[in-house]
Amino acid sequence: MSYIRSGVNLNIIFLSLYKFILKKTKYSQTKTYDYTQYIGGRDYIFELADNQTKGYMTGQGRGIKRGDYIILCNGSKSRRYQVQEIDYYSEPPDMWIALLDDVSSQ
């Protein structure tokens, strides 16, 4: 009888662990935001820093978080950046400033 009981307990433990891992990966997925249709200087501000491998961007959009990617257009080329840090303004609530790392060549 104790074997059956511990088998059930193990199933419950593994099922709980599986649900936890599934939930954790669902929320930790990164997203990519395409800003190539926006105009720099009007729709967002981007300033290069740290020997042109990083930059600061001020823009608008909801849900952008650390680890996400932003694609920007630089002339005829597009560059892919990863959000290293992001802080949202209190007003308007969808405006933010972020430190971006250029990952186009990676």
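This is a predicted model: local features need pLDDT of at least 70, side-chain atom pairs count only at pLDDT 80 or more; totals for chains, interfaces and linings use all residues.
Trainee: OK, pockets. What volume does the largest pocket have?
Mentor: About 200 Å³.

Trainee: Which residues line the largest pocket?
Mentor: Tyr44, Phe46, Leu48 and Gln52 are among them. The lining also includes Leu72, Cys73 and Asn74. Arg79, Tyr81 and Asp102 line the pocket too.

Trainee: How does that lining split by class?
Mentor: Six residues are nonpolar, two are polar and two are charged.

Trainee: Which strands each supply at least two residues of the lining?
Mentor: Strand 2 (45–49), strand 4 (69–74) and strand 5 (77–88).

Trainee: And where does the largest share come from?
Mentor: From strand 4, which gives three residues.

Trainee: Let's stay with strand 4. How many bridges join strand 4 to strand 5?
Mentor: Six, and the two strands run antiparallel. Within that pairing, Leu72 sits opposite Arg79 of strand 5. Both Leu72 and Arg79 are in the pocket lining.

Trainee: What about the turn there? How many residues lie between the strands of that hairpin?
Mentor: Two. In this hairpin of strand 4 and strand 5, Gly75 has a positive phi near 70°.

Trainee: Strand 4 pairs with strand 1 as well. In which sense, parallel or antiparallel?
Mentor: Parallel, over three bridges. For example, Asp34 has Ile71 in strand 4 as its bridge partner.

Trainee: Now Tyr33. Where does Tyr33 lie?
Mentor: In strand 1, which covers residues 32–34.

Trainee: Is Tyr33 buried or exposed, and why?
Mentor: Tyr33 is buried, because its relative accessible area is 17% and the cut-off for buried is under 20%.

Trainee: Which residues does Tyr33 touch, leaving out those up to four places away in sequence?
Mentor: Arg62, Gly63 and Ile64, plus Asp68, Tyr69, Ile70 and Ile71.

Trainee: How far is Tyr33 from Gly61 in sequence and in space?
Mentor: They are 28 residues apart in sequence. In space the gap is 9.2 Å, C-alpha to C-alpha.

Trainee: Buried or exposed, and why?
Mentor: Asp102 counts as buried because its relative accessibility is 13%.

Trainee: What does the side chain of Asp102 reach?
Mentor: The backbone nitrogen of Ser104, at 2.9 Å.

Trainee: New topic, backbone angles. What is phi of Asp50?
Mentor: Near 50°, a positive value in a residue other than glycine. Asp50 sits in the loop between strand 2 and strand 3 (54–60).

Trainee: And what phi does Asn51 have?
Mentor: About 60°, so that's positive too, in a residue that is not a glycine. Asn51 is in the loop between strand 2 and strand 3.

Trainee: Is Asn51 buried or exposed, and why?
Mentor: Asn51 is exposed, because its relative accessible area is 73% and exposed starts over 50%.

Trainee: Last one. Which peptide bond is cis?
Mentor: The bond from Glu91 to Pro92 is cis, with omega near -5°. Pro92 is in the loop between strand 5 and strand 6 (95–102).

How values were computed: Residues are numbered from 1 along each chain as its sequence is written. Side-chain values use heavy atoms; hydrogens and water are left out. Helices (H or I, at least four residues) and strands (E, at least two) are DSSP runs, numbered from the N terminus. Buried means under 20% relative accessible area, exposed over 50%, partly exposed in between (1.4 Å probe, protein chains only). Contact means heavy atoms within 4.5 Å. On a 1 Å grid over the protein atoms alone, a cavity is a set of points where a 1.4 Å probe fits but cannot get out, and a pocket is an open set with protein on both sides within 12 Å along at least five of seven lines; lining residues have an atom within 4 Å of a point. Grid points are joined across faces, edges and corners, and a volume is the space filled by probe spheres set on the points. Ala, Val, Leu, Ile, Met, Phe, Trp, Tyr, Cys and Pro count as nonpolar, Asp, Glu, Lys and Arg as charged, and the others, Gly among them, as polar. A polar contact is a pair of N or O atoms within 3.5 Å; within protein, one must be able to donate a hydrogen and the other to accept it, and residues adjacent in sequence count only if both atoms are side-chain atoms. Two strands pair if DSSP finds at least two bridges between them.
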